[in-house]
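My notes follow in the order I took them.

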Amino acid sequence: MVTNLPYAADAERQGRLYPVLRAQYEKEGEFVGVQTKFNYAWGLIKSDKRNEQQEGVQLLSQIFRTALDRRRECLYYIALGNFKLGNYAEARRYNDLLLEHEPENLQAISLQQLIDDKVAKEGLMGVAIVGGVALAAGVIGGLLVRDPAAAIHHEAVLSSSIPIFSPSPGILG
């Protein structure tokens, strides 16, 4: 399928046209045209500033609701904007809607893979963090159950910057 949608990598560069897009958007004011609003929203999504990316997604959402003939494009760009913002569930939702209508859309397929990869990567990091916290809680909890005084001693040892040697029973006799 031939499509004119950009790939996700294209959203990483705001480019020299951004000031022109902004000036045109501001010049049109309350009578801004759909195409001008769309172009400006795309320029905002390409920004490295989170608040501008959010504004771009909001503008595209307005276009999606009001300009039925632009919905296809808006689905992809809203998905892409949400991906850049780290809103992976929203990105997937909009991208999946596009893929329902265009299952061969190469840009949407590429974005789907990026979303899946990012979710998997962040999911593994989350599991590692939760696992580390659970391990630490388990060790401290185990110490408390065995010997509350020992848990306080070990906590003091862990928070101290002075190395303390505490032989375990059986080493000295």
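**Entry 1: α2 and α4**

I began with the way α2 passes α4, and the crossing is left-handed. Left-handed here means that the near helix is turned anticlockwise from the far one by less than a right angle; clockwise would be right-handed. I then looked up which residues make this contact: F38, W42 and I45 from α2, and E73, C74, Y77, L80, G81 and K84 from α4. Contact means heavy atoms within 4.5 Å. I sorted these residues by type and got six nonpolar, one polar and two charged. For the sorting, Ala, Val, Leu, Ile, Met, Phe, Trp, Tyr, Cys and Pro count as nonpolar, Asp, Glu, Lys and Arg as charged, and the others, Gly among them, as polar.

The axes of α2 and α4 lie 10 Å apart, at an angle of about 25°. That makes α2 roughly parallel to α4. The classes are: under 35 degrees roughly parallel, over 145 roughly antiparallel, 65 to 115 roughly perpendicular, and the rest oblique. Axes are lines fitted to C-alpha atoms, for helices over the stretch in contact, and the angles run from 0 to 180 degrees between N-to-C directions.

**Entry 2: what I am reading from**

This is a predicted model, in which local features need pLDDT of at least 70 and side-chain atom pairs count only at pLDDT 80 or more, while totals for chains, interfaces and linings use all residues. Residues are numbered from 1 along each chain as its sequence is written, and side-chain values use heavy atoms, with hydrogens and water left out.

**Entry 3: the whole chain**

I counted seven helices and zero strands. Helices (H or I, at least four residues) and strands (E, at least two) are DSSP runs, numbered from the N terminus. The chain has 173 residues, and 34% of them are buried. Buried means under 20% relative accessible area, exposed over 50%, and partly exposed in between (1.4 Å probe, protein chains only). I also checked contacts between residues at least 6 apart in sequence: 56% of them join residues at least 24 apart.

**Entry 4: α2 and α3**

Next I took α2 (residues 34-45) against α3 (residues 50-66), which pack at about 150° with axes 7 Å apart. That makes α2 roughly antiparallel to α3. This crossing is left-handed. On the α2 side I found V34, K37, F38, Y40, A41, L44 and I45; on the α3 side, E52, Q53, E55, G56, V57, L59, L60, Q62 and I63. By type, the contact of α2 with α3 has 10 nonpolar, three polar and three charged residues.

**Entry 5: α3 and α4**

α4 covers residues 71-85, and its axis comes within 9 Å of the α3 axis, crossing at roughly 160°. α3 and α4 are therefore roughly antiparallel to each other. Their crossing is left-handed. Residues of α3 in this contact include Q53, V57, L60 and F64, and those of α4 include C74, Y77, I78 and L85. The contact of α3 with α4 divides into nine nonpolar, five polar and four charged residues.

**Entry 6: length and burial**

How far should the 12 residues of α2 span? At 1.5 Å a residue, α2 should span 16 Å, and its end C-alpha atoms are 16 Å apart, which agrees. The expected span is 1.5 Å times one less than the number of residues. α3, with 17 residues, reaches 25 Å from first to last C-alpha, close to the expected 24 Å.

Nine of the 12 residues of α2 are buried, W42 and G43 among them. Their cover includes α1 (18-28), α3 and α4. In α3 the buried residues include G56, L59 and S61. The buried residues of α3 pack against α1, α2 and α4.

**Entry 7: two single residues**

I looked at L80, in helix α4. At 0% relative accessibility, L80 counts as buried. L111 is 31 residues away along the chain, yet the C-alpha atoms of L80 and L111 are 7.4 Å apart.

Then I115, in helix α6 (residues 106-146). I115 is buried, with a relative accessible area of 1%. What does I115 touch, not counting residues up to four places away in sequence? I found F83, Y88, A91, R92 and N95 touching I115.
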